[in-house]
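Please read it with the coordinates open.

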Amino acid sequence: MALTYEVAGRPDFSAFLRKREDGQASLDLLVRGARCAGCLAKIEREVQALPDVASARMNLTSGKLAVAFKGASGDPARVIDALEKAGYPAAPYDPTQAQAAHDREGRRLILAMAVAAFGAMNTMMFSVPLWAGLFGQELGPATRTVMMWFSGAVGAPCAIYAGMPFFQSAWRSLKARRANMDVPISIGVILTLVISFSETVLGGRDAYFDAAVSLLFLLLIGRWLDHQLRARARSAAGDLLALQAPAAIRLDGQGAEHRVPISEVQPGDVLLVRAGERLPVDARIVSGASELDNSLLTGETAPVAVAQGQLCRAGALNLSGVLKLEAVARSEDSALSAIARLVEAGAQAKSKYVQLADKAAAVYVPVVHTAAALTFAGGWALGLGAREALIRAVAVLIVTCPCALGLAVPAVQITASARLFRKGVLVKSGAALERLAEVDHVVFDKTGVLTEGRPTLIDPIPAAVAMAAPLARASRHPLARALAAEAGEGTMASDVREHAGLGVEGVIDGRRARLGRAAFVGAPDHGSGETELWFGFEGDTKVRFRFSDALRPDAARTVAALKAKGLTVEVLSGDVPAAVGRAAAEAGIADWRAGLSPQEKAEAIEALAARGRKVLMVGDGLNDAAALAKAHAAMAPGSALEASQNAADLVFSGEGLSAVAESYDLARSARRRAMENFGFAALYNALAAPAAMLGLVNPFVAALAMSGSSLVVTLNALRTGGRP
Amino acid sequence: MNILLFLAPFSVGLGLIAVAAFWWTLKAGQYEDPVGDANRILMDDPEDRPAA
């Protein structure tokens, strides 16, 4: 949701200005709707035409507009106005959330990859005559040695530079007394370089410089794909969050409005929250009355009326009136922080998850290294001589390259993520997909997940709707809007006055009418607890409209699809039992629990996990955040609050719930492809290792076998999600 | 075969030039906005237009 503000009020966004090195002010904006060259030209022209703007540069890939002002200060609101008029809603982008701007790690990987590619090609140039020599072509020992020196002079520096990411990672993990995938890779590469050099010096036959560099090149592709996946998910998640009102409106002593980042709000600040905005921090109402929608906090759908002096919690949505509040806590200390701690605890548990590739590495590494050691010991014992035995041992290490582990799994995961991305699902990490493939139980939150999270009129009586519609159209309250939506286009009441927290009053066809709470309209208040709205002309009978939160259109279908796949489905909600029971029944879910606190939800997930169930939690509210973090895998809709999106592994946008079933299918497909790749790698190694032990592998065979096996696993990865 | 001693370093040198060129494109930020760059070539440069 873009920031809503009134142009007349001219809120001050200057807290979002950044100082550049040359002292000028600059501003980053997230612009929506820019797609083509026309948009690009229009946006830059409109913004550059503003008097105090020095330059504007739009990045179409990331959707960000960088504006540089002429002086040390500027007026961001004017830029936003200009963009809005041109038809592109924009929001100030808090650069602290945009850590992806300078992607150093990515650049280093890509440069290492370029060097490895250069090294592989140029080393290969010297290797081709060497290979030809292996097949009895004329190649004198002197020429061979020269070629080997050339090969080493180009290959070794390239291998050392391109291998740095692996060496460093291996060193870090060894210092922490653990062994990751990079340890065997580093040992293999370093040993290969050393043996190849000694063979060159001793005038031997086999040099594996080309194998070492091409191995690193292939592994770097896998490493870079994995990095891209995470970087893209991070920046897309950052964009979603940046659009979620990163600002609060602070009033100064004179009553002027300043938009400030939420993190700058201090206790005692006076804040203004208009209808349709969320409370930035825990705050007490100074003046004004309204209704708050706590559905993202507690899961309750019915709005709560609030008035002066009442304490309200951060994250609640202000529905009707304008509220002036005094902040009682900073953003970090608000009610959210307790939930944030629960989330952190859950996230730590998740980081203990061992990824598929690491599991495979735990088997692969000891087996291959034992095989290499046995080759050396056995060869020496059988009288091959230490030098020949060592060459064979190194050949075993090279030919059983861990390409399937280093390349095949990232390739599968990036293919799956790209497919999901096109369907509007954002995958945060490769591990998330692996965990999603393992789930056997799905827990849904009700409000905003199974349901649309907004009220719709139930059992409408057309005559009554038509009667109340002119008044409903004049109101911004969500219930009135639902009523107006049911009625469609039409006339509007005149002389309309909105009474915050009570209802709306106006004149229809010369008669005064009221729409709102029972007491406001003058009807007997039964306190039924249902979401309802009353309407009546002055002195006439009163009509009641009942509302409920409608199910997402494909909720029942999705639940049925998940059940058909053998998963069990359950609803855990913080809402009242009647509403939860009705929604669960409509969606076709027999198991449901209502009235749960955030803590109880998390405990329910833990209890399931203790029974050995692998739970997929789908939730959007703050009350779900802890449960999302605790669950084996977690999904959140794009409309969810920041904390929930952070806690979730996958974020899906769009109206449909079908993304849940589709993501599960793709995760399963990705796991199948990864397993196939492991199977292929095992088969390949089972053939290659004995051949190397027997001394049948020369540098030419090693180069062919290695690149061939990498090609096969990559092609197999591309099949992910194509066919079940 | 002495020509090898000239040709081999020469070809490696050509490869190095390619790596240096790639490094320069990376440093110059040419991969920051591939979509935008593809579209920018379609934009009319106001200075190129004949005076109306």
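1. Chain A has 724 residues, and 48% of them count as buried. Keep in mind that this is a predicted model.

2. Next, the make-up of the chain. The secondary structure of chain A comprises 23 helices and 27 strands. Take the contacts in chain A between residues at least 6 apart in sequence: 69% of these join residues at least 24 apart.

3. Strand β25(A). This strand spans residues 615–618 of chain A, and both of its faces are covered. In a regular strand, side chains alternate between the two faces of the sheet. Here V615(A) and M617(A) lie on one side, L616(A) and V618(A) on the other, and all are buried.

4. Neighbours of β25(A). Strand β16 (residues 441–444) of chain A pairs with β25(A) in the parallel sense, over 4 bridges. Within that pairing, F444(A) has V618(A) as its bridge partner. Strand β26 (residues 633–637) of chain A also runs parallel to β25(A), joined by 3 bridges. There, M617(A) stands opposite A634(A).

5. The crossover. β25(A), α20(A) and β26(A) form a β-α-β unit, and it is right-handed. How many residues of helix α20 (residues 622–630) of chain A are buried? The count is 9 of 9, and the helix is mostly covered.

6. Helix α18(A). Which residues of α18 (residues 577–587) of chain A are buried? They are A579(A), V580(A), A583(A), A584(A) and A587(A). These residues are on the same side of α18(A), because they cover an arc of only 125° around the axis. An α-helix has 3.6 residues a turn, so residues three or four places apart point the same way. On the other side of α18(A), P577(A), A578(A) and A585(A) are exposed.

7. Just after α18(A), G588(A) adopts a positive phi of about 85°.

Conventions: Residues numbered from 1 in each chain as written. Chains lettered and ligands numbered in written order. Predicted model: local features only at pLDDT ≥ 70, side-chain atom pairs only at ≥ 80, totals over all residues. Buried ≥ 20, exposed ≤ 12 C-beta atoms within 10 Å, placed from the backbone. Helix = DSSP H or I, 4+ residues; strand = E, 2+ residues; numbered from the N terminus. Arc of directions from axis to C-beta. Contact = placed C-beta atoms within 7 Å. Pairing = 2+ DSSP bridges. Right-handed = clockwise from strand over helix to strand, strands pointing away.
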